[in-house]
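Have the model open in your viewer and your selection tool ready. We will go from stop to stop, and at each one I will tell you what to pick and what you will find there.

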Amino acid sequence: MTLAARVRDRAERMPDRVAMREKDFGIWQEVTWAQYWEHAQDFAHALLALGIQPGDRVAIQSENRREWLYTDVGTVAARATTVGLYPTNPPSEVGYLLSHSGARVLVAEDQEQVDKALAVLDRCPGLEWIVYIEPRGIRYRYDNERLIWWDDLIEQGRKHRGDYPEAVAERMAAAQADDIMTLIYTSGTTGPPKGAMLSVSNVEFAIRTVVDGGGFASPAPNPDDVMLSYLPLCHVAERIFTTWFNAGAGTQVNFAESIATVQENLREIQPTILFGVPRIWEKILAGVQIKLASASWLKRVNTRLWLGVAERVGAALVRTGGNHTLGTRLAYAIGWVFFYRALRERIGMRRVRFAASGAAPIAPEVLRFFMGIGVPMHELYGMTENSAVATGNRPGRVKLGTVGEPQVGIELRIDPDTGEIQTRHDGTFVGYFRDPPATAAAMTSDGWLKTGDIGEWVDGTHVKITDRAKDIIITAGGKNIAPSEIENALKASPFIKEAIVIGDRRPFVSALVGIELDTVGEWAQRRRIAYTTYRDLSEKPDVKALVQSIVDKVNERLAPVEQIKKFRMLPKELDHEDGELTATQKVKRSAIAKLFADQVEEMYG
Amino acid sequence: MRGRPLLYTSYRADMALLNTPAKRVSLGLLVLLGLALPFLLQDSTLNLLAMGCVAAIGAIGLGLVTGYAGQVSLGHAFFFGIGAYTSALVSGETGVRTMGLGVPNLLVWLPAAGLVALLFGVLVAPLATRLRGLYLAIVTLGLVFIGQHVFGEWGSLTGGTGVGRAPARLELFGYDVAATDSMGTREQKSFWLMFSLLIVFALAARNLARSKVGRAFTAIRDRDIAAGVIGVNLSRYKTIAFAVSSFYAGCAGALLYPLVGFIEPGTFSLLLSVQYIAMVLIGGAGTISGAIAGAFFITLLPSLTRGLQPLVPFISTSPTELPNIFQVETILYGVLVIGFLIFEPRGLFGIWIRVRTYWKTWPFSY
């Protein structure tokens, strides 16, 4: 059953229940399942009217919004392939992705995205239509025969639907299990992005395992569950939690206004299942700590008391795998009245019954904080190439520092020679689009997917990931060091946003550190340290001393060879546009090493 | 969705009169407490509280024009007087000295008093739409003097200075509220009446404040030029503000004197206007609850100072000696207004807001 068929069935079974909400002019506008399916059908008909054939690619570059889902489901209904582009992709990457995928239609959110596409139009001969959703600044102003307004396109679709009412239904009936449903371009920390092809059966397997099977939220999600959709939908994780959860289990999707308003939207929506990448959890934690620090006297005393209790509760939960004991339950119940209830309400997690972190490694301290204040936190692991089906922590069997147990019904092994984690199941991707050599390199001859992550078994049941294979540092002394663990320990501090550990073929380990402007700025203000820019603040001796103290604290827990002997401050905030981060905000090590070579050489000079 | 107070899926819910469960519950409890008060308090206290209710209606009216729409009006006493005399005229019988129409039903004379005052408000409004700030204050001040002169001279209506006339009678379809019977004493029944009327007037004002009209008022208050630019019809909304405010003042004027028992033309002086300004400022400009709080505060202040008088025996209770308690009261008004404007510009309501914010932001401070 395709995603489109699932949405159709839901529209028939529960037409008037809310499928999604989006905030428009201060009001959360609701879309029912019946309306959802209407829109998706209109879009599918519009695609047919444009002459889209099975297997053609339809690209979308937009923030999360209703039209994203209409496009996705409509495209699947027309048996075409959805290609998601990050809204932050700069024009050069847009050009690469559009030309590489050979998309015939691009749905661009607004003028910003249309401009990017128009700038690289000559590199994308296959691109026939650019559909813009927000007409502001484009309509009646831009003169390009490939441009078409979303509403006009939908109108075309309705007309087509009037003429051939069964056309989409016929397409859907002809759908095959090996139709390529979506191309997900992996962010590519090393080379250009690669387009992983996921077929209808891949997605079906993923929905069966991580949605129905409770792999990503246990007990399994249901139509009463409320989600907040705020991470880029072109990433496999958000696609699962938004589109697949929604179509597969009927959860209610709420689109955040933007990444900047996530905290506010969380408070309004109070989701029941919440997925976040480490950066989000770190940022929420930093925000909480800084706000608590600047609270009035009585509130600070209260906070210190209950955070202390939370730490003990969290530590106890870590020991028991997430199961409450009588003592922790009692302590938590009293704390609920004085602190935890209000705190969770404020950060929008009052009703969270399953919180998950994934897509990158996270420091255990961060997870422990959330477990302590009563947010049931679970670390998950998966990657685009295996439809994100690999491992996950289960409620009551949480092991902090691990990514959990293999999902039910899959095969997972750790290669005894290299320590690499490998998976084999029906969710394993079809291959990289137009890149057979890379596909061959990612698979073993007997059908195991090579994840590229180095891991080990913990107690024989849980998997612990050491690092990405290609990130492992071998110092001049020949010691293997996993940088992400050190980096995450640093990033667990509210003051540190970025940390890049360096030491490959070097005599000692060093680091480049980027401060969190909000929290350090607030910290500086309280100390009456005047500053102008990010760079100015970074270079203040007091700030360096602050970072030094954090580094020292982290060093205490590290083996001597792993300790950070020197560090330098990053002179700017890392940015996707400048090529320092990937679209998913992961650091591109090679680019950093080149861009900040001066600082690095200074340390070893 | 249940249990998510910040999630609004319609503007109707967003703008609801009582948009949170806490407000609904606390209003319900307040109303219950109010209805129970006559069984708990002395009749003299009840009379004072009934006056507080009426003063609150007047203060809400001034709050609408001054607090919400930002038009300083010192002419409240004038509209007050118009309401008082209209009601007396409609309700009273033609006697030896004064005339009357002989319709004692409250449901007739109360709206009549409000509407006549409203009419005068509309007449004054064209001035207000052309003037701002101090100039408007002076013009409305002029109204008070015109009013005092007319009330003083028009003997057949007001009885004349120093003589006065009987106020309207609290009568509902022939049932005399102001007479002790099996239902309760005169004070108990008039408190219930005034309290119910206060609820009606307060809810109506709050409803107005949350509507398009109310938003236009605040826009004009914050910056009239900007309000005009965004499409608020200034003369129209200033007129509405004065009209509604005068209506409230008229009703309050009509209701207050049956409790006092007597209308003396000299009472509608600048002092009365200033008293109402004090209620609005001390309570908190720009809020309905603030106006109510301020009205009760100012109404209860004299009995409070009199209760504290034994503690400072050198202050006399006799108006002929110096220093006396009445002077202290007047000084206290001034001190309170100055104090509030300097230290708590948002009034009593501001204090409440601060307390509420403290708990609302728990465990943070912002």
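Start by selecting domain 2 and domain 3 of chain A in this predicted model: 18 residues of domain 2 are in contact with 15 residues of domain 3. Which helices of domain 2 each supply at least two residues of the side that touches domain 3? Colour helix 11 (278-293) and helix 14 (364-372) of chain A, and you have them. Helix 11 of chain A gives the most to this side of domain 2, with six residues. Sorted by class, the side of domain 2 of chain A that touches domain 3 has 11 nonpolar, four polar and three charged residues.

To place these two domains, give each part of chain A its own colour: domain 1 covers 1-175, domain 2 covers 199-428 + 444-466, and domain 3 covers 472-604. The centres of domain 2 and domain 3 of chain A, taken over C-alpha atoms, are 26 Å apart.

**The whole of chain A**

Along the principal axes, the C-alpha atoms of chain A fill a box of roughly 70 × 55 × 55 Å. How does the radius of gyration of chain A sit with that of a compact globule of 605 residues? Such a globule would have a value near 25 Å, and chain A has 24 Å, which agrees. Of the 605 residues in chain A, 53% are buried. If you draw the contacts between residues at least 6 apart in the sequence of chain A, 65% of them join residues at least 24 apart.

**A sheet in chain A**

Select strand 9 (residues 194-199) of chain A together with strand 19: the two run antiparallel and are joined by two bridges. Which residue of strand 19 of chain A stands opposite Met197(A)? Click across from Met197(A) and you land on Gly431(A).

**Where the chains meet**

Bring chain B into view. Here 12 residues of chain B are in contact with 20 residues of chain A. The side of chain B that touches chain A divides into seven nonpolar, three polar and two charged residues.

**The whole of chain B**

Chain B has 15 helices and two strands. Its radius of gyration is 21 Å, close to the 21 Å that the globule rule gives for 366 residues, so chain B is as compact as a globular protein of that length. The box filled by the C-alpha atoms of chain B, taken along the principal axes, is roughly 65 × 50 × 50 Å. Buried residues make up 43% of the 366 residues in chain B. Among contacts in chain B with a separation of 6 or more, 75% are between residues 24 or more positions apart.

Select residues 234-260 of chain B to pick out helix 11, which has 27 residues. From its first C-alpha to its last, helix 11 of chain B reaches 39 Å, close to the 39 Å expected at 1.5 Å a residue. Is this helix largely enclosed or open? In helix 11 of chain B, 22 of the 27 residues are buried, so it is largely enclosed by the rest of the structure. Step past its end to Gly261(B), whose phi is positive, near 100 degrees.

Then move to helix 12 (residues 270-283) of chain B, with its end C-alpha atoms 20 Å apart. Helix 12 of chain B is mostly covered, with 10 of its 14 residues buried; among them are Ser273(B), Tyr276(B), Met279(B) and Leu281(B). After helix 12 of chain B comes Gly284(B), whose phi is positive, near 130 degrees.

**Last stop**

Finish at Pro21(B), in helix 2 (residues 21-40) of chain B. Is Pro21(B) buried or exposed? Pro21(B) has 10 C-beta neighbours inside 10 Å, so it counts as exposed. Draw a distance line from Pro21(B) to Arg97(B): they are 76 residues apart in sequence and 55 Å apart in space, C-alpha to C-alpha.

Key. Residues numbered from 1 in each chain as written. Chains lettered and ligands numbered in written order. Predicted model: local features only at pLDDT ≥ 70, side-chain atom pairs only at ≥ 80, totals over all residues. Domains from an automatic or database assignment. Contact = placed C-beta atoms within 7 Å. Helix = DSSP H or I, 4+ residues; strand = E, 2+ residues; numbered from the N terminus. Nonpolar A, V, L, I, M, F, W, Y, C, P; charged D, E, K, R; others polar. Rg over C-alpha atoms; globule rule 2.2 N^0.38 Å. Buried ≥ 20, exposed ≤ 12 C-beta atoms within 10 Å, placed from the backbone. Expected span 1.5 Å × (residues − 1). Pairing = 2+ DSSP bridges.
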